[in-house]
Amino acid sequence: MERGLILLVAAVGVYVASGVQGISYLSFSNNTQVNISQIGCGVTKLCVQTPANCDPTGNTSCLFASVISSTSVAPNGSAMSFQLRGDSVGYIALGLTVNASQGTTMLFICAQNSSKNGSFFFQTMDQNNINGALTPADRITTEIRGIVNSNVIKCEFNVPNVNASKTQISSPTTFSLLLGTGTITGNGLSPFNISLNSGLLNLANPASNVPTTAPPVVNTTTPSSSGAVQPHAMLLLLSVLTLYVLLRA
């Protein structure tokens with residue numbers, strides 16, 4: 001019970017009005033506009049969504065995220081800009097992990113505070129990938145902005161120094177993107193329910209999850225057709241005809 005109250009205080013304590021500085025590692029933007037769409041997906045930003053090909057600007061349920069990654073600079077890693085949109089009465093979240101079945105996942109949570117008329121709040125957490133336990137994480141996040149409209153939550157935020165190089169992954173920008181939702185109860189945040197696991201992607205490559213089309217196979221051999229007369233058959237036919245004409249003469 002005591003742990004639950006600590007998590008609840010941590011979550012509620014992150015709520016701030018737009019443009020107001022919150023906890024020291026979280027920086028909120030003065031710009032409150034949040035514009036999330038599929039424009040640029042696969043070209044300037046990497047996008048994932050569920051259901052497949054759902055439209056984040058539409059009126060149907062759509063859990064959508066996009067990321068733009070800067071060039072990796074050792075040893076700090078890359079700065080990444082994220083967009084997240086989803087439907088929830090509690091929270092939506094984006095996770096970064098190199099292995100969803102072990103280790104931890106960095107979670108970025110955008111939520112609505114039902115006790116304050118659905119006001120937007122933001123939190124960073126770590127998830128234990130073995131037992132699903134959530135613990136607060138002091139992860140620097142900047143330019144946070146978000147809006148809540150009924151059950152639709154939208155948010156944008158920047159994360160500096162994202163780096164996977166301490167793992168066995170060769171690229172410091174290679175992660176699995178996890179999208180999911182959860183509820184908020186009197187004991188804090190409920191477990192993170194994963195709706196999508198992208199598998200390992202190079203977040204610095206906007207097209208890393210865009211299927212490639214293989215070139216058509218060109219058949220260089222001459223096809224054989226039962227209806228075509230082959231050269232040797234034509235010679236044989238001419239020889240038979242010539243012999244027949246000579247015998248009739």
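1. Is Ser150 buried or exposed? This is a predicted model, and in it Ser150 is exposed, because its relative accessible area of 58% is over the 50% cut-off. You will find Ser150 in the loop between strand E9 (141-149) and E10. Do look at its backbone too: phi is near 60°, a positive value in a residue other than glycine.

2. Asn161 is also worth a look, since its phi is positive, about 60°, although Asn161 is not a glycine. Asn161 lies in strand E10 and counts as partly exposed, at 49% relative accessibility. As background, most residues other than glycine have a negative phi, and most peptide bonds are trans.

3. On peptide bonds, please check the one from Thr50 to Pro51, which is cis, with omega near 0°. Pro51 sits in the loop between strand E2 (46-50) and strand E3 (63-69).

4. Now to the packing. The largest nonpolar core has 32 residues, and those touching the most other members are Leu94, Leu96, Cys110, Phe122, Phe157 and Leu203. Strand E10 (residues 152-162) gives the most to this core, with 5 residues. There is also a second, separate core of 11 residues, including Ile109, Ala111, Leu134 and Phe192.

5. Setting aside neighbours within four places in sequence, Leu94 is in contact with Ala65, Phe82, Leu84, Met106, Leu107, Phe108, Leu177, Leu178 and Leu179. In soluble globular proteins, nonpolar side chains tend to be buried together.

How values were computed
Residues numbered from 1 in each chain as written. Predicted model: local features only at pLDDT ≥ 70, side-chain atom pairs only at ≥ 80, totals over all residues. Heavy atoms only, no water. Core = buried A, V, L, I, M, F, W, Y, C linked by side-chain atoms within 4.5 Å. Buried < 20%, exposed > 50% of the residue type's maximum accessible area, 1.4 Å probe, protein only. Helix = DSSP H or I, 4+ residues; strand = E, 2+ residues; numbered from the N terminus. Contact = heavy atoms within 4.5 Å.
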